[in-house]
Amino acid sequence: MARTAGERHGWIGRIFFADLLAGLRLTLGYMMSKTVTHHYPDNEKWVPYQRHRGHHFMNTNDQGEVNCVACGLCSVICPCDCITVIPFETEQGVRRPKVFDIDLARCLYCGLCEDACPADAIKLGQEYEVSTTNRATLTVHLEDLIAAPRKAENGGLVRPAKLEPTGGQHSVLQSGPSSGLDWWSRIRRPR
Amino acid sequence: MEYVLSLLPLAIKMVIVVGILLLLPLPLTWLERKIAAHIQQRPGPMRVGWHGLLQPLADAIKLLTKEDHIPTEADRMLFAVAPVVALVPPFLVFVAIPFGDPVQLFGTTVTLSLADLNVGLLFILAVSGIGVFGTILAGWASNSKYAVLGSLRSIAQMISYEIPMGFSVIGVVMLANSMQLTQIVAAQQGLWNIVLQPIGFFVFFVAGLAEAQRIPFDLPEAEGDLGAGYHTEYSGIRFSLFMLAEYLVLVALAFLNVLLFFGGWLGGPAFLPPFLWLFFKVGLFIWVFMWLRFTFPRYRYDQLMTIGWKVLLPLSLLNILVSGFLML
């Protein structure tokens with residue numbers, strides 16, 4: 001354990017409160033340094049890394065059809081039983097989901113459905129603002145999943161954003177220079 | 001009629017001073033929260049107004065519209081009187097504080113103080129001593145153990161710190177040969193008292209912190225062990241009166257430090273009016289008080305008493321002795 005500034009300077013340090021002065025110098029340094037707060041809903045938004053497990057989305061193939069073959073593996077492996085899959089057969093004789101519902105209020109975003117999927121269909125994206133004032137809208141259907149945002153490139157950045165009062169008060173990314181990956185380097189650490 | 005007219009400048013000055021003092025806590029709470037935030041690398045209040053400047057206004061509206069609760073077991077009369085009693089002394093202190101040399105305005109000489117008492121310093125120390133009554137009454141009338149403990153602590157603290165505080169300014173009075181604050185400032189022409197009275201300043205500063213019940217001496221309202229101290233049971237507007245009193249004591253203390261030891265309005269740059277220079281120094285002191293608040297932890301109660309009686313009191317007496325010998 002390091003000695004305090006007061007002890008280091010002996011009795012002179014005691015008399016002139018070297019330890020108190022060291023504390024004051026430290027807090028003054030912090031006071032003059034930049035803040036590290038993200039101005040989240042108003043001006044800035046942090047885009048998560050690629051590995052982040054957020055709002056689900058459904059991949060589609062080149063013909064615009066969903067990749068899902070309605071095997072139901074995701075629904076079986078789901079630990080909180082929040083996926084409902086009902087299959088049907090198209091004219092081409094392909095098995096596709098008629099209903100593919102995810103109850104986001106129950107989902108724990110574990111990503112097991114993603115792992116179980118044999119057809120590279122269901123994925124978890126980086127969207128994390130799913131708050132709403134109506135619980136019914138938390139059950140997302142197949143068309144919502146197709147329309148949901150895909151994985152964003154360059155995750156881990158703080159990007160300029162704006163709070164949109166419409167559509168459930170979400171913070172929407174704006175174009176503009178990002179403060180980059182090293183936003184955390186502003187955190188001041190005493191030597 | 002002549003007499004009434006002669007009172008007009010005084011009335012105007014009173015309105016200005018009281019108005020400013022009543023509004024002062026608004027920017028000060030904002031400043032306090034901002035300084036706290038930046039010491040912890042946060043931006044602080046940001047959402048109400050530019051950089052949260054209107055936040056105190058929102059807080060004030062919230063406080064004023066809150067339920068004014070009086071506990072059933074409380075002494076209703078004393079409970080209602082206590083915040084006012086706490087608020088009066090800080091206002092009285094500003095009666096005797098001068099803000100500058102007399103100035104010529106509209107052909108008449110206007111003194112920049114409400115009353116330039118020839119015992120100004122004594123008056124201020126005496127009046128600020130009354131402030132403890134608000135604390136005692138609040139703690140007693142609340143009929144709550146936390147409030148009583150807080151007020152007991154604060155009584156003991158204020159009594160023991162008033163003595164070194166009074167002694168520490170005697171050196172200043174000796175140098176100025178007067179207790180009039182304008183005289184004390186005038187005596188610092190050329191050389192501020194901080195150079196001649198460093199020990200006196202130190203004792204006054206520390207004792208003042210304890211008088212204003214700021215960290216590291218804010219035991220009367222130690223949040224951790226006493227709820228909120230003597231105003232635990234207060235809410236709404238009555239609580240805001242205590243807040244107001246606390247901030248005014250802080251400002252008065254900053255004014256006294258500047259007037260007694262840092263040359264008052266003297267020694268400013270030529271382009272700045274003297275009273276603005278005084279306010280600048282006072283603001284600097286307020287900033288230092290807040291900086292101290294968010295740097296230091298609270299002293300233990302026995303340490304507080306030890307510092308008061310075994311350190312500050314002998315130091316202030318020594319200061320008087322040394323200044324006396326040097327002046328002879």
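α12(B) gives the most to the lining of the largest cavity, 7 residues. The model is predicted: local features need pLDDT of at least 70, side-chain atom pairs count only at pLDDT 80 or more, and totals for chains, interfaces and linings use all residues. Residues are numbered from 1 along each chain as its sequence is written, chains are lettered from A and ligands numbered from 1 in written order, and side-chain values use heavy atoms, without hydrogens and water.

Q: Why do B:P90 and B:V249 count as lining residues of the largest cavity?
A: Lining residues have an atom within 4 Å of a cavity point. The lining has 22 residues, and B:P90 and B:V249 are among those nearest the centre. It divides into 16 nonpolar, 4 polar and 2 charged.

Q: What makes a set of residues a nonpolar core?
A: Its members are buried Ala, Val, Leu, Ile, Met, Phe, Trp, Tyr or Cys, joined through side-chain atoms within 4.5 Å; buried means under 20% relative accessible area with a 1.4 Å probe, protein chains only. The largest has 70 residues, and B:F94 and B:L260 touch the most other members. Helix α12 (residues 236-261) of chain B gives the largest share, 15 residues.

Technical notes: Buried means under 20% relative accessible area, exposed over 50%, partly exposed in between (1.4 Å probe, protein chains only). Helices (H or I, at least four residues) and strands (E, at least two) are DSSP runs, numbered from the N terminus. On a 1 Å grid over the protein atoms alone, a cavity is a set of points where a 1.4 Å probe fits but cannot get out, and a pocket is an open set with protein on both sides within 12 Å along at least five of seven lines; lining residues have an atom within 4 Å of a point. Ala, Val, Leu, Ile, Met, Phe, Trp, Tyr, Cys and Pro count as nonpolar, Asp, Glu, Lys and Arg as charged, and the others, Gly among them, as polar.
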